[in-house]
Amino acid sequence: MPRISLVLAFASLLAAAEFAPAQVNFNQIAINSGDTASTGIAVGDFDNDGILDFITINTSTLSFYKGLGGGNYANPVNQPITANLGQVMAADFNRDGNLDLAAVPTNGATGGLNIFLGNGDGTFRAGTYIALPGTQHFLTLADFNGDHLPDIAVSDVQGTQVYVGNGDGTFKLASSLDVGGWQVVSGDFNSDGHQDIVASNLGDQVALYLGNGDGTFAPGVVQTVSDLQWMAVGDFYNDRIQSLLVLAGNYTPPNFSEWIVPVRYTNGQLVVGTITTLAQSIGDPYQAIAAGDLDGDFKDDAYIVGGGFNTGAIAVYVLGNGDGTFQGPFQGLYWGDLQADVLIRDLNGDSRHDVAIPFTSIFDDVGGMDAVINTSAAVNCPLASASITSATLSKALTVNICAPYRGEIVGQTFTFKGSGQAFNGVAKRMELWIDGKKVAENLEDQLKATVSLTRGNHVASFVVVNTFDEYTSKTVNFTAQY
């Protein structure tokens, strides 16, 4: 049987002496793919039923794990693909209302950028292929030229290439950036409304390329971050501006010494912040990091995974203080012997942020997916459905307003609560507007804001923005009376 269904309270006897008591509780569901290794993972509604599903990229197959609701998933349906692909991301590249995939070769393998076009039922067909040089390849998705279509930046041995989408599943080269060869991420790091790129190489260089909004970029702002391994993007300073959290470390036999450090753009420079040391078992490194609000306090946290032959899989998480510093590390949940990728997203719509990880059991010669479901964070506002029910050129974005309800009479101050859900990419920002004026925003799929109000009738608008800067809103009328 390919399925391993686990419900585990958050605890670890193996690492009880090394980590502080857990601050977030999780349950875990791990499912074998049926293939020998899983190196990449994507989450989305791949069969258009309003429930998030999983995709893993395995040694020579692609696995579709249908979401059943409530954090449960069906056994995988596999299809053959090009061997030795690694990182994978999902978006609707050809605007047919079905989620597609972009995947690049795994670290150490040759090949190219592969586009797999979704059929709307969890299966995919081969699309565009772009040859890539070298053996280190990473990708990121954003709208780099302002047309609200998914674009792709790919890091390779020659630098970072930016391909803008034509909206039909094909792409054209728009820019070539000089730093690349290791991980690449995207975000708005100077808060000008244009998407930027941060690229890295194996020489400890991190380069920020500020976007001009037309697919071109300013010259790179370079910083050295010693022993860089992986990067995550989040609002680590709680200033509504995206910054980096870098996982770094070095190996001195028989130990790995590893840490995380925030990096933000300010006054024209990339500035390195306070280091947080990660407690580490002997033998294998942490390899990947993802950012998101795990404990529901609206401050970005991080989940960190890795492992290998010596220790098996390893995982920790840290909780952000909102000033670039972190609490922890706390012991995380893991499965298998190696976890080489990780993402954070609300998988079951309860407004708590969960963790998705591809795993490889080296000694059992099998891979799969690991869903780590958050069970203890504060609940703000459950997500609304964002399914595509028929082929359409528009991308589904939905807003759910939990407070106030329509016609509610509130006091002089009131706490507004809402959530946003995206079909294409993720809900990356929520805004609150009252009577046509923006009064609050948050860089995730949840919004909670306490606002002072004048007496009388008002209109509150909750706006959600997705990865590709598409947006929608929902309004509610209420009255302030005191």
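Three bridges join strand S30 (residues 343–345) to strand S31, and the two run antiparallel. Strands here are DSSP runs of E with at least two residues, helices are runs of H or I with at least four, and both are numbered from the N terminus. Two strands count as paired if DSSP finds at least two bridges between them. Arg345 has Asp354 of S31 as its bridge partner.

The model is predicted: local features need pLDDT of at least 70, side-chain atom pairs count only at pLDDT 80 or more, and totals for chains, interfaces and linings use all residues. Residues are numbered from 1 along each chain as its sequence is written, and side-chain values use heavy atoms, with hydrogens and water left out.

Strand S31 spans residues 354–361, and eight of its eight residues are buried. Buried means under 20% relative accessible area, exposed means over 50%, and partly exposed lies in between (1.4 Å probe, protein chains only). In a regular strand, side chains alternate between the two faces of the sheet. In S31, Asp354, Ala356, Pro358 and Thr360 point one way. Val355, Ile357, Phe359 and Ser361 point the other way. Both sets are buried.

S31 also pairs with strand S32 (residues 366–374). Seven bridges link these two strands, which run antiparallel. Ser361 stands opposite Val366 in S32. The two strands form a hairpin with four residues between them. Asp365, in the turn, has a positive phi of about 60°.

The chain as a whole has zero helices and 40 strands. Its radius of gyration is 21 Å, close to the 23 Å that the globule rule gives for 482 residues, so the chain is as compact as a globular protein of that length. The radius is taken over C-alpha atoms, and the rule is 2.2 Å times the number of residues to the power 0.38. The C-alpha atoms fill a box of roughly 65 × 50 × 50 Å along the principal axes. Buried residues account for 59% of the 482. Of the contacts (heavy atoms within 4.5 Å) between residues at least 6 apart in sequence, 53% join residues at least 24 apart.

The chain exposes about 17,600 Å², with 50% of it supplied by carbon and sulfur atoms. Accessible areas come from the Shrake-Rupley method with a 1.4 Å probe. There are 20 positive and 48 negative side chains. The centres of the two sets lie 12 Å apart. Lys and Arg count as positive and Asp and Glu as negative, without His and the chain ends. Each charge is placed at NZ of Lys, CZ of Arg, CG of Asp or CD of Glu.

Most residues other than glycine have a negative phi, and most peptide bonds are trans. A cis peptide bond joins Gly328 and Pro329, with omega about 15°. Pro329 sits in strand S29 (residues 326–331). Another cis bond, between Ala403 and Pro404, has omega about 10°. Pro404 lies in the loop between S33 (397–403) and S34 (409–410).

Arg240 has a positive phi, near 65°. Its loop runs between S21 (228–234) and S22 (243–252). Arg240 is partly exposed, at 28% relative accessible area. Phe298 also has a positive phi, of about 65°. Phe298 lies between S26 (286–292) and S27 (301–306), and is buried at 15% relative accessibility.

Asn94 occupies the loop between S9 (85–91) and S10 (100–105). Asn94 is buried, with a relative accessible area of 15%. Leaving aside neighbours within four places in sequence, Asn94 contacts Asp100, Leu117, Arg125, Gly167, Asp168 and Gly169.
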